[in-house]
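The stops below say what to select and what to look for.

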Amino acid sequence: RVLFRSYRNRFIGTSNNPDKFAYSLVFMLPFSIYLSITKSKLFFIPVILFIFLVFSTFSRMGIIGLVVVFALSLNSLTRHVKKWPVYIFVFFIIIIGSFLIFNKGNKMLNRVQTLQSTEDSSIKTRLDLAEVALDMGINNPILGVGISNFEENSHLYGKKYYYGRSSHNGYLETLATIGIPGFILMMGLIYFSLIYIKIYQEQILLFTNKNANNELLLSKFIF
């Protein structure tokens with residue numbers, strides 16, 4: 001029941017936020033694809049469910065994330081799975097089907113079309129909040145305003161008044177809340193994580209057993 005709670009006819013999940021719900025689904029999608037290939041076809045059920053639920057959130061960034069995962073999956077499937085055309089065809093059908101289900105009254109189409117327009121009020125607000133976060137970070141470069149304090153301080157920065165609003169930008173909000181040192185640390189963690197994943201991929205190539213190939217496939221999906 002919690003999973004299907006809605007906000008403005010958008011499913012929000014347990015996070016009470018449709019965008020965060022969509023991000024979590026997109027994050028889990030590669031692992032479900034991997035398990036459906038290497039373990040059991042039953043794991044394709046959550047793949048279908050995750051794609052369907054991403055569309056149910058009407059989250060533009062969630063849909064972009066879905067497209068990115070689909071593109072990366074296409075690259076990995078064509079390299080490591082013999083029946084990759086079948087998987088790609090099924091993915092395509094699920095995505096198109098989910099889009100059509102939620103496109104009643106062109107609602108989904110209109111939502112996607114706003115991605116290319118800076119005139120959309122939601123996009124304008126997010127651009128303004130990004131400016132707020134940047135201004136907040138510049139004015140508090142060492143320690144920031146404190147973790148989880150962005151919403152309480154958002155009205156004090158930027159050119160427009162916003163109170164109690166999320167920045168919708170994790171990178172700039174990190175800069176604003178924990179300062180430049182914390183921001184550098186976060187970017188360093190991301191950078192070195194990607195480097196070590198790349199090294200792991202190269203090391204796995206030295207092995208030929210099935211388990212190693214499965215690990216390589218998983219690391220490809222993650223990377």
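A residue is called buried under 20% relative accessible area, exposed over 50%, and partly exposed in between, with a 1.4 Å probe and protein chains only. This is a predicted model, where local features need pLDDT of at least 70 and side-chain atom pairs count only at pLDDT 80 or more, while totals for chains, interfaces and linings use all residues. Residues are numbered from 1 along each chain as its sequence is written, and side-chain values use heavy atoms, with hydrogens and water left out.

**Stop 1: Phe-102 and Phe-52.** Select Phe-102, which is buried at a relative accessible area of 15%. Rings of Phe, Tyr and Trp (its six-membered ring) pair if their centres lie within 6.5 Å; planes under 30 degrees apart are stacked, over 60 edge-to-face, the rest tilted. Phe-52 belongs to helix H2 (residues 44–57), and Phe-102 to the loop between H4 and helix H5 (107–113), 50 residues apart. Helices here are DSSP runs (H or I, at least four residues), numbered from the N terminus.

**Stop 2: helix H4.** Select residues 84–101, the 18 residues of H4. At 1.5 Å a residue (times one less than the number of residues) the helix should span 26 Å, and its end C-alpha atoms are 26 Å apart, which agrees. Which residues of H4 are buried? Tyr-87, Ile-88, Phe-91, Ile-94, Ile-95 and Ser-98 are. They cover an arc of only 130 degrees, which puts them on the same side of H4; the arc is taken from the directions from the helix axis to the C-beta atoms. Turn to the face away from that buried side for the exposed residues Val-86, Phe-89, Leu-100 and Ile-101.

**Stop 3: a ring cluster.** Select Phe-44, Phe-70, Tyr-87 and Phe-91, which ring pairs link into a cluster. The whole structure has 9 aromatic pairs.

**Stop 4: Leu-143.** Leu-143 is in the loop between helix H6 (121–139) and helix H7 (150–153). At 67% relative accessibility, Leu-143 counts as exposed. Gly-179 is 36 residues from Leu-143 in sequence, yet the C-alpha atoms are 4.6 Å apart. Leaving aside neighbours within four places in sequence, Leu-143 is in contact (heavy atoms within 4.5 Å) with Thr-177, Ile-178 and Gly-179.

Key
Helix = DSSP H or I, 4+ residues; strand = E, 2+ residues; numbered from the N terminus.
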